[in-house]
Amino acid sequence: MTQHLQGKVALVTGGSRGIGAAIAKRLAADGAHVAFSYAKSLEQAQQVVADIERLGVQALAIQADQGDAAQVTALVKQVHQHFGRLDILVNSAGVFVTGPVDDPQADIAGFNRQQAVNIGGVVSAVRAAAGLISDGGRIISVGTTGADRIPFPGAADYVATKAAVAAYTRGWARDLGSRNITVNTVQPGAINTDMNPETADHASFLIGLTALSRYGQPEDIAAAVAFLASPDASYITGATLNVDGGQSA
């Protein structure tokens, strides 16, 4: 594999499992030194660090609450201080809380927490990174195809957080374009993770929505992120890339 990112430093939020871990390891395979945040599992984080270091680059795991603006700001600053630079920011951390709007037992605290992580955490990370990231850098956020089309009830609160990130992406692309910093969003469809396994009861419904009749894997999202982080994507900014097996076709 060609190491397009050799010498670069990447920060991946929520990088200890699932899509985030796949992104962290793919950027490392492409030559970048990789820092990532994790919420709770030190053991999982240590395993990802070991996987990255086996690729011959440096790794750094930092525990941080993505719903706490102060912790997110400190996270970005710590990565920049540790490596002496920051070139790529990937906003992958997120939570998934569902429920219909007319449910009297709705988890309001959960919805508020979801907004704090999925919107606030991304905004805090980008604001902190904007003054530190190298000219020509990359900012990539992980959204969802539900931000464009919602095929089932109960997901409004979740997809609204991701739609907000897509809108921020377009605006940030304008804000940072003069420095050749690109800002893009990758929107996964049905991806096989522990939060949404391809063996789940609802999996057949989601598979039926796709053109390829199958789930995607975390590595599919990682490949899209790696492309947007690469020199080949230098003229792509303010864009939303759906990686969904044709679900949105």
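These legends go with close-up views of a predicted model. Local features need pLDDT of at least 70 and side-chain atom pairs count only at pLDDT 80 or more, while totals for chains, interfaces and linings use all residues. Residues are numbered from 1 along each chain as its sequence is written, and side-chain values use heavy atoms, with hydrogens and water left out.

**View 1. Helix α4 alongside helix α5.** The axes of α4 (residues 108-130) and α5 (residues 156-176) come within 9 Å and cross at roughly 15 degrees. Helices here are DSSP runs of H or I with at least four residues, strands are runs of E with at least two, and both are numbered from the N terminus. Axes are lines fitted to C-alpha atoms, for helices over the stretch in contact, with angles running from 0 to 180 degrees between N-to-C directions. That makes α4 and α5 roughly parallel (angles under 35 degrees).

**View 2. Who touches whom between α4 and α5.** On the α4 side, the residues in contact (heavy atoms within 4.5 Å) include F111, Q115, I119, V122 and V126. Their α5 counterparts include Y158, T161, V165, Y168 and W172. Sorted by class, this contact has 12 nonpolar, four polar and two charged residues (Ala, Val, Leu, Ile, Met, Phe, Trp, Tyr, Cys and Pro count as nonpolar, Asp, Glu, Lys and Arg as charged, and the others, Gly among them, as polar).

**View 3. F96 meets Y158.** The whole structure has three aromatic pairs, meaning rings of Phe, Tyr or Trp (its six-membered ring) with centres within 6.5 Å. In the F96 and Y158 pair, the ring centres are 4.6 Å apart and the planes sit at 90 degrees, so the pair is edge-to-face (planes over 60 degrees apart). F96 comes from the loop between β4 (88-91) and α4, and Y158 from α5, so the pair ties together parts 62 residues apart in sequence. F96 is partly exposed at 43% relative accessible area, whereas Y158 is buried at 14% (buried is under 20%, exposed over 50%, partly exposed in between, with a 1.4 Å probe and protein chains only).

**View 4. F152 meets F205.** Here the ring centres of F152 and F205 are 6.4 Å apart with planes at 70 degrees, so this pair is edge-to-face. F152 sits in the loop between β5 (138-142) and α5, F205 in helix α6 (residues 203-209), 53 residues apart. F152 is partly exposed at 32%, and F205 is partly exposed at 39%.

**View 5. N180 and its positive phi.** Most residues other than glycine have a negative phi. N180 has phi near 60 degrees; this residue is in the loop between α5 and β6 (182-188), exposed at 59% relative accessibility.

Terms used
Parallel < 35°, antiparallel > 145°, perpendicular 65-115°, else oblique. Phe/Tyr/Trp six-rings, centres within 6.5 Å; stacked < 30°, edge-to-face > 60°.
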